[in-house]
Amino acid sequence: MKQYASYKPSGTPWIGDMPSHWEKKRLRFVCEFRNGYTPSKANQDFWTDGTIPWYRMEDIRDSGRFLNEAKQYVTEEAVKGQGLFEAGSFILATTATIGEHAMLIVDSLANQRFTNLKIRKSLGHSCLKEFFFYYLFLIDEFCKSSTRTATFPAMNMEDLRNFDVAIPPLAEQEAIAAYLDRKCDSIDKVIATQERRIVLLSELKQSIITEAVTRGLNPDVPLKDSGIDWIGKIPEHWEAMPLKYTANKEGCCFIDGDWIESDVITEDGIRYITTGNVGVLEYKEQGAGYISEETFHELGCTEVFSGDILISRLNEPIGRACILPDLNSRVITSVDNVIFRPDTELYDKSYLVYYLNNSRFTEHANLEARGATMHRMSRTMLGHQQIVVPHITEQRAISDYLEKKCSRIDSAIAKAKRAIELLREFKQSVITEAVTGKIKVC
């Protein structure tokens with residue numbers, strides 16, 4: 001790409017040198033700032049038959065330039081005296097997913113996790129909304145580096161107000177915005193292709209797992225009716241039984257984890273893992289909660305060992321399971337995880353985990369779950385869920401087959417995810433280079 005004829009130091013690290021004829025302004029002189037607002041939840045009249053969009057954090061994710069349709073609306077009475085965010089202004093996330101932003105297409109409101117940025121009328125048409133939208137991607141990185149807390153990131157508003165904006169002449173803003181529209185659109189299309197590839201690969205993986213754990217590996221095997229509507233026909237030599245029956249032998253178990261209150265969580269000791277650590281077919285490393293040895297004995301906690309199966313009774317997909325790896329620590333788990341130690345003389349752990357994560361079992365478990373606000377399945381109900389099993393030698397053969405098949409698919413998914421990551425980095429780089437004048441697009 002071409003560069004401008006001459007540059008000058010901007011005095012701002014995230015801008016660097018900028019074209020000599022560009023102007024630099026503090027964001028406080030470019031925009032008017034307003035905080036988000038949430039009408040009282042106690043007054044249901046505010047939230048019934050409303051016509052004013054009220055945006056939450058989940059509404060802005062992956063929205064593109066223009067905000068997605070709001071999931072909730074409020075009445076005019078709810079925002080009386082507050083005033084609305086004008087169409088054409090921006091909302092910027094200042095906590096949690098810091099820096100995410102989008103343009104409002106109608107007069108709206110957003111909750112207190114957002115700041116509203118409206119280009120000042122005093123600037124006239126010297127700062128285009130289309131150009132400013134792309135400049136806000138540069139603010140994304142700045143905002144992340146100016147957070148003040150680790151547990152709940154929040155943007156420092158004074159830092160934001162003092163953020164420097166490099167403003168080119170109007171004609172160059174128009175050219176930069178048009179160039180980035182074309183460039184980002186082409187990158188987004190490639191990202192969408194990779195995302196679709198991941199969906200298709202994931203569906204293929206589920207199809208292979210479900211076929212293997214309900215029909216086996218021999219396509220010509222005689223079938224019989226399983227007697228279970230959501231399973232259908234199975235190989236005639238397979239057996240159907242409640243899940244808990246696989247743990248009837250002494251030394252086996254099918255029990256809940258422990259009820260641990262937040263006030264006993266410490267920074268070291270015995271590791272405490274939750275439903276968030278139980279992924280589909282895999283343990284997910286996240287969180288770092290612990291309890292003391294003293295608490296462990298006071299509460300009579302159950303220790304979980306590497307090789308144990310953990311089944312989540314909470315959140316979709318309910319019934320997902322994984323085998324706990326060696327965490328180099330003693331471990332306990334939350335009450336919404338079932339600790340499952342099957343009879344390994346008759347049942348292969350890997351086969352059981354594949355079965356618990358097959359699409360038919362997942363769909364049935366989620367339909368069986370109860371709860372008005374958060375779906376969960378009791379351990380008793382989970383234990384009564386039907387599974388189908390062949391002889392252990394066939395279980396192991398199915399596990400080995402699925403390990404090879406799924407490994408190849410997982411590798412392809414990982415490559416697609418890496419491609420998306422690199423494309424997003426490239427997109428951010430292109431935007432940064434253009435809005436700071438490192439490349440000349442006209």
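**Close-up views of a predicted protein model**

Figure 1. The bridge partner of Trp-54 in strand 9 is Leu-109. The model shown here and in the other figures is predicted, not determined by experiment. Strand 5, residues 52-55, pairs with strand 9 in the parallel sense, and the pairing runs over 2 bridges.

**Figure 2. The whole chain, as a setting for the close-ups.** The protein has 442 residues, and 48% of them are buried. Its secondary structure consists of 10 helices and 22 strands. Along the principal axes, the C-alpha trace spans about 80 × 50 × 45 Å. Of the contacts between residues at least 6 apart in sequence, 71% join residues at least 24 apart. The accessible surface comes to about 22200 Å², and carbon and sulfur atoms account for 50% of that area. The protein carries 54 positive and 62 negative charges, and the mean positions of these two groups are 6 Å apart.

**Figure 3. Tyr-4 and Trp-22 form an aromatic pair.** A search of the whole structure finds 13 aromatic pairs. In the pair shown here, the rings of Tyr-4 and Trp-22 are 5.8 Å apart from centre to centre, with 75 degrees between their planes, and the arrangement is edge-to-face.

**Figure 4. Trp-14 and Phe-163 form a stacked pair.** The ring centres of Trp-14 and Phe-163 are 5.1 Å apart and the planes are at 5 degrees, so the pair is stacked. Trp-14 lies in the loop between strand 1 and strand 2, and Phe-163 in the loop between helix 4 (157-161) and strand 11 (164-167), so the pair ties together parts that are 149 residues apart in sequence.

**Figure 5. Helix 7 is largely enclosed by the rest of the structure.** How many of the 8 residues of helix 7 (residues 349-356) are buried? The number is 6, so the helix is largely enclosed. The buried residues in helix 7 are Tyr-351, Leu-352, Val-353, Tyr-354, Tyr-355 and Leu-356.

**Figure 6. His-364 in helix 8.** Helix 8 covers residues 359-368, and His-364 is found in it. Is His-364 buried or exposed? Its relative accessibility is 16%, so His-364 counts as buried. Leaving aside neighbours within four places in sequence, the contacts of His-364 are Trp-230 and Gln-385.

**Figure 7. The loop between strand 18 and strand 19 holds Asn-315 and Pro-317.** The loop runs between strand 18 (309-312) and strand 19 (321-323). Glu-316 and Pro-317 are joined by a cis peptide bond, with omega about -5 degrees. Asn-315 is not a glycine, yet its phi is positive, at about 65 degrees. The relative accessible area of Asn-315 is 33%, so this residue is partly exposed.

**Figure 8. Leu-281 has a positive phi.** The value is about 70 degrees, although Leu-281 is not a glycine. Leu-281 sits in the loop between strand 16 (270-273) and strand 17 (289-291). With a relative accessibility of 23%, Leu-281 counts as partly exposed.

Terms used
Residues are numbered from 1 along each chain as its sequence is written. This is a predicted model: local features need pLDDT of at least 70, side-chain atom pairs count only at pLDDT 80 or more; totals for chains, interfaces and linings use all residues. Side-chain values use heavy atoms; hydrogens and water are left out. Two strands pair if DSSP finds at least two bridges between them. Helices (H or I, at least four residues) and strands (E, at least two) are DSSP runs, numbered from the N terminus. Buried means under 20% relative accessible area, exposed over 50%, partly exposed in between (1.4 Å probe, protein chains only). Contact means heavy atoms within 4.5 Å. Accessible areas come from the Shrake-Rupley method with a 1.4 Å probe; for residues, only the protein chains shown count as cover. Lys and Arg count as positive and Asp and Glu as negative; His and the chain ends are not counted. The place of a charge is taken as NZ of Lys, CZ of Arg, CG of Asp or CD of Glu. Rings of Phe, Tyr and Trp (its six-membered ring) pair if their centres lie within 6.5 Å; planes under 30 degrees apart count as stacked, over 60 as edge-to-face and the rest as tilted.
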